Amino acid sequence: MKRQDFNRIDAKRRNVVDHRKKQFADPTYKEAQYPHRLNFYATPPTADITLEQFEQWAIDRLRILAELEACSFRNKTLSETALHMKPLLDKYMPLDANSSSSTQLVAQRQKDHYSHFILRLAFSSTEDLRRRFSRVETMLFRLRLSADDMRERAAFVQGLNLDWDPVPEDELRQFAAELAAVSFGYGKKAQQARDEETWCKVDWGRVPDLVESRRVFLRAGKAYVPFREQQSMVVAEFTTRLERALELTARALPRLDEDDRLTPILNHLSKNFVAPDSNYSGGSTAVEGAEITARNMDNLVQHFPMCMSSMHRILRRDAKLKHFGRLQYSLFLKGIGLSLEECLLFWRQGFSKLTDDEFNKEYRYNVRHVYGDVGGDSNRRGGGYSPYSCQKILTEHPPGPGETHGCPYRHFNMENLTSLLQSSGISDRAVLQGVKEDKDNQKFHMACNRVFEHVHKTELKRARDDGVLTASQLETIVHPNEYFKRSYLLKHMGKQQSGGDVKMDG
Amino acid sequence: MANAPPTTILDEGVASDEPVGSPEIKVKEVSEVKLEDIFAGVDSDEDDDEEFPGRPERVDRDQSNSPGSPREVGSSVKASDPALMRSFYQRLFPWRYLFQWLNHSPTPTDDFKHREFAFTLRNDAYLRYQAFASSDLLRKDVLRLMPSRFEIGPVYSANPRDRKMFQGSAAFRPLSKELCFDIDLTDYDDVRTCCGKANICNKCWQFITMAIKVVDVALRDDFGFKHILWVYSGRRGAHAWVCDKKARTMDDLKRRVIAGYLEVVRGGAQSGKKVNLRRPLHPHLTRSLDILKAHFQDDVLEAQDPWRSPEQSEKLLQLLPDKELIESLRKKWDSSPERASTSKWADIDAVAKASTSKNFDSKALLDAKQDIVLEYTYPRLDIEVSKKLNHLLKSPFVVHPGTGRVCVPIDTRSLEDFDPLGVPTVQSLIREIDAWTEDSDKQSQQDWEKTSLKPYIDCFRSFVMTLMKDERDVRVKREHDEDQPDSLEF
C-alpha cells in the first residue's frame, strides 16, 4: 500500500533549489544595488547595456588587469603596485567610497560589476586563462580592499556572512603566551592591542598565506586569527568563490556559441590577454659568427651574466652541479645557441669525475629533455622549455642548502656577492656600492645592469658615439640571454664592422 | 565467507531491532569482531598460492638453483641479486597490509584501484601509471617485473592505465595522496662532519631523529593530523606519510602552505646565514627550539664538533652579530687552535660578558645564537616532495638496492633506539628464514614472523589498523546520517 503524506509538495512543483538546475534557468531581471564599494561578484548583472558599453568596459578593465600582471612580473610589492596603479585606476576604473559625495557612485560600481562578468565570460574557456584571470582579479580585489575606508571595509565584511568562530575565554587564557607571540610584531601598542584584540578560530586552510608565513597560532588544525588579519581571509574567500564560479561559467560557455554578437568580442578580448611572458625562442638570441661549442665555453664565459658565470665556475671547481643549477644553466646555453650534441658534450666534460655509464644514466636524459629531444608530446613539439628570464630566476625555486642556482644579486649575501664580483674583476668601489644599494632596495636586475654597464663601459661609449645602438638596446636587461647577446655583440663590434654591416637588431 | 564485504555485516547491524540510538555502537562491535575473522581467512588463502606455480621464472633461468628453493645466502650475495629479491617479495613483503594501508578498507576500493604505482626496472627504465585491482595483482606484477624498487603516487579520478582515453581533459586528474615529507642527510652536508655524500653513521642519524621529533609534533599538535607513518628510506634519510583523510585530499596550495610553515633553513650555498627569524619566535619555533637545544649540545657540539679547525670556526664567526665580539673571539681561538666546539660555543657568552662596550646588544646576540642552533639542528626538508599532490615516493618495505636494507617504519615511541645500520637487510632476512627450525606446536606461521622483520611489520600493521578503524567509523557515521532524511520521507 502506498502511503500518502498530504503535507508534501508534489515533486514536480517543488521549488528547485539545486544550484545545478538553477544554473541553466533563465535569468530573471533583478535590480542590482551596490551598497558597498567592493563587490564579491556573487550575482550576475541582468540589466541591458549597449554593445559599445560591453566592449569598452571590458577593454578598460582588461587594461587594468594587464598592468597588474606586469607589476607582479616585475616583482613589485603591494605598496609599489598601489602607487603605480593609482593613476591608471583613476582613469579607467574609478571607484569611489560611499563617503565621497560623488554622483557617479552607481555608474562606477555598475561598470565594475559588468566588466568583471564580461571578462569572466572571456576568460573562462581554458584552465590557463581561468587561473590567470582569478590571480589578477584577486590582486585587484586585494588592492582595493587595502585601500578601502576602515569603516566601510568592516561593513562590507560583515555583510559577507563568513562563519568565523570566536575563541572562547578559557582558550584565550590557556594560550595567552602563544597568542602574544604571534601578535607581537605590530608596533609599540602591541601590549595594549593584545588585551583588546578579539580572536577568531577558523580552519587553517582558510588562511593559507598567514599559516605559510607563520603569522598565526595553530592548534589542532585551527588557526587563531586576530581580527586585524581578516583581510587575508576575505581575499582567500574571494579567490575560492571566484574559482568555483569560473568553473561553472566554463561549463555554461558552450551555450554562447550561437551568439554572433558577443562571441567575436569575447574571443578578441581573451586573445589580447596573452602574457607578456618571457618567451624567449631559442634561435633569436643566438649570435651570428660566434663559435658556440662546448670547447669554446670557457672563452665565452666572460659574456655571461653573474648567475651563469658563477655556476660555470662552480661546475669547473666541483665537477658537478645540482639539478636546478643544471636546468637553469642548460637552458641558458640552449638560448645562446649551443646545440644538443655540444651541450651533452659540455656536461659530459663538466662532470669529469663520473664514468660514461653514470653520466648516461643520471644526466643525459635531463639534458635531452631540456632540448625537447625526449619527453611528452608537448615537450617535444615545443622544443623543450624556454630559457629562464630574470623574473623566473628571481621568483621561482630559490636555492636550498648546497644549491648554486638563482640570481647572485638576490640569493647571495652581500659578502659572498662582493667576493664573487671582485673575483670577476669588478673592484670599482662606486659600482660595488651601487650594487649594494640595489640589493638592499631589492632591485636585483638594476644591480645586474649596473655591472653590465661597468664591464662594457668603453664599448658602450663607442657604440653610443657611433650611434649604432637603437633604443631597444639601451633598455634594461631582464633576461640572461639578452645579457649574453649584448655583451658579445659589443665586444665584437669592431670585427663585425670590418665585415661590412653591424648586426645589432633587437 | 572469507571475502564477504563488511557492508553486509553493517547492514545487519543497522537492521537489527535495537532501539534508535544504540545501533551505531552496536555496529562497531559487530564489525570489529567480524573483520578480524576476515583477515584470518585471507591469511590462509595467501599461504595456499605462495609459489605461483604456473609462472615462468624468466629471471632465474641462468641461476643454477631452482627457483624458490632455499638458498645458501652468504654475505657475498648482493642485495640486488634477483633471486634474493624475489624470495623477499614472495615470502616477506607485507602485501596485505600495504593494500589495506592504501585502500582504507578490506575490500578493494578506488583508493587502491586508481592509485598510481611506478616501477624502476633493473635496466633503469621507469614505468609509470601502473594500477592494480587488488593486492594480488600488484604482487604478481612485482614478481614478474622484479623492479629494483617501486613508488607510490596519487589516487586518480580514473584508472591511471586508461589515462590516454582522457587526453588533456580534466576528467583525469590526481585526487588524493598522503602528505609526504622527505628528509635526507645529504642536505646536512654543510653541518655534519662525520660522513659525507651517501654515507651515514649513528652520529649523523641524530639529525634525522631530531627532525622527526620536530616535524611529527608540529603535524600532530598544530595541524591536528593523527596518522603519521615514518619510514626509513633505506640509506640516508626518512620519509613521512601523513595518512589522515584530511591530509590526503589537500590540494597543492595547502601542501605548499604546510611545507612553508615548516621550512626555516633557507638559502643556498652562498647566501650566508640561513636562518633569519622574526622575533618574537612563533610558538612552533619556540617549541622546536626547546626540543632541539639538548640535541644541539650532545649531537652537534659534542658529536659533530663542527667548528674545530680555524676555517670551520670562521663559519661560526660569520653568523655572529657584533664586529668587536667577532674580533676578540677570533683572537682567542687563533691562540688556541683545535679548541673543541663546545668550548667555543661557551666562549661566545664569556667573551660577550667580558666586553663592557656600552652599546653591546645582548638581545641581538641571543637571537643570533638561537638562529645558529636552528641552522644546525632544524629539519631540512626536501620541499618539492611535499608540495605536489602527484609526487611519487618510494613505498615502505621496499629493499634499497644499494644497501640491501628494507625501508622499515620507524616507531616514533622508541625513536631514539632506531638504528639505521641495524635495519634488517634482504640477505640477513633470508638467512634467518633458512636458519628457522619449525616449531611443531605453532602452526602455519607467516614467513615474516620468523625473522627480525616481525617488529616492523607489527608496527605497520597496528598503524594500518588504527587508520582503517578511523576511516570506517567516519563511513559508518555518514551512512547513518544519510539514513536520517530518508526516514523523514515516509
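Predicted model: local features only at pLDDT ≥ 70, side-chain atom pairs only at ≥ 80, totals over all residues.
Residues are numbered from 1 along each chain as its sequence is written, while chains are lettered from A and ligands numbered from 1 in the order in which they are written.

**Exercise 1. Find out how confident the predictor is about chain A.**

Start with the score: pLDDT is the predictor's confidence in each residue, from 0 to 100. Chain A averages 80, and 83% of the residues score at least 70. Next, look at residues 275–283 of chain A, where the pLDDT is below 50. That stretch still has 18 contacts in the model beyond near neighbours in sequence. (Two residues are in contact if their C-beta atoms, placed from the backbone, lie within 7 Å.) Then try residues 497–506 of chain A: pLDDT stays under 50 there too, and the model has 15 contacts for them beyond four places in sequence.

**Exercise 2. Work out which residues UniProt lists for "binding site", and why they can be called one spot.**

First, the record: an unreviewed UniProt entry lists Cys307(A), Cys390(A), Cys407(A) and Cys448(A). UniProt positions are given in the numbering used here, feature names are shortened, and annotations may be inferred rather than shown by experiment.

Second, the distances. The four span 142 residues in sequence, yet no two of their C-alpha atoms are more than 10.0 Å apart, so they gather at one spot.

Third, zoom in on Cys307(A). You'll find Cys307(A) in helix α14 (residues 306–318) of chain A. (Helices are DSSP runs of H or I, at least four residues, and strands are runs of E, at least two, numbered from the N terminus.) Cys307(A) has 29 other C-beta atoms within 10 Å, so it is buried. The cut-offs go like this: 20 or more other C-beta atoms within 10 Å of a residue's own means buried, 12 or fewer means exposed, and in between is partly exposed, with C-beta atoms placed from the backbone. Not counting residues up to four places away in sequence, the contacts of Cys307(A) include Cys407(A) and Pro480(A).

Cys390(A) sits in helix α20 (residues 390–395) of chain A and is buried, with 25 other C-beta atoms within 10 Å.

**Exercise 3. Describe how α5(A) and α11(A) pack.**

Two packed helices are described by the angle between their axes and the distance between the axes. Here the axes of α5 (residues 127–147) and α11 (residues 230–252) of chain A come within 10 Å and cross at roughly 145°. (Axes are lines fitted to C-alpha atoms, for helices over the stretch in contact, and angles run from 0 to 180 degrees between N-to-C directions.) Now for who does the touching: Phe133(A) and Phe141(A) are among the residues from α5(A), and Phe238(A) and Leu242(A) are among those from α11(A). Sorted by type, the contact has 9 nonpolar, 5 polar and 4 charged residues. (Ala, Val, Leu, Ile, Met, Phe, Trp, Tyr, Cys and Pro count as nonpolar, Asp, Glu, Lys and Arg as charged, and the others, Gly among them, as polar.)

**Exercise 4. Sketch chain B and the side that touches chain A.**

Begin with the chain: there are 17 helices and 9 strands in chain B, and buried residues make up 37% of its 490 residues. Move on to the interface, where 30 residues of chain B are in contact with 30 residues of chain A. On the chain B side, α7 (202–222), α9 (252–262) and α10 (283–302) each supply at least two residues. Of these, α9(B) gives the most, with 5 residues. By type, that side divides into 10 nonpolar, 10 polar and 10 charged.
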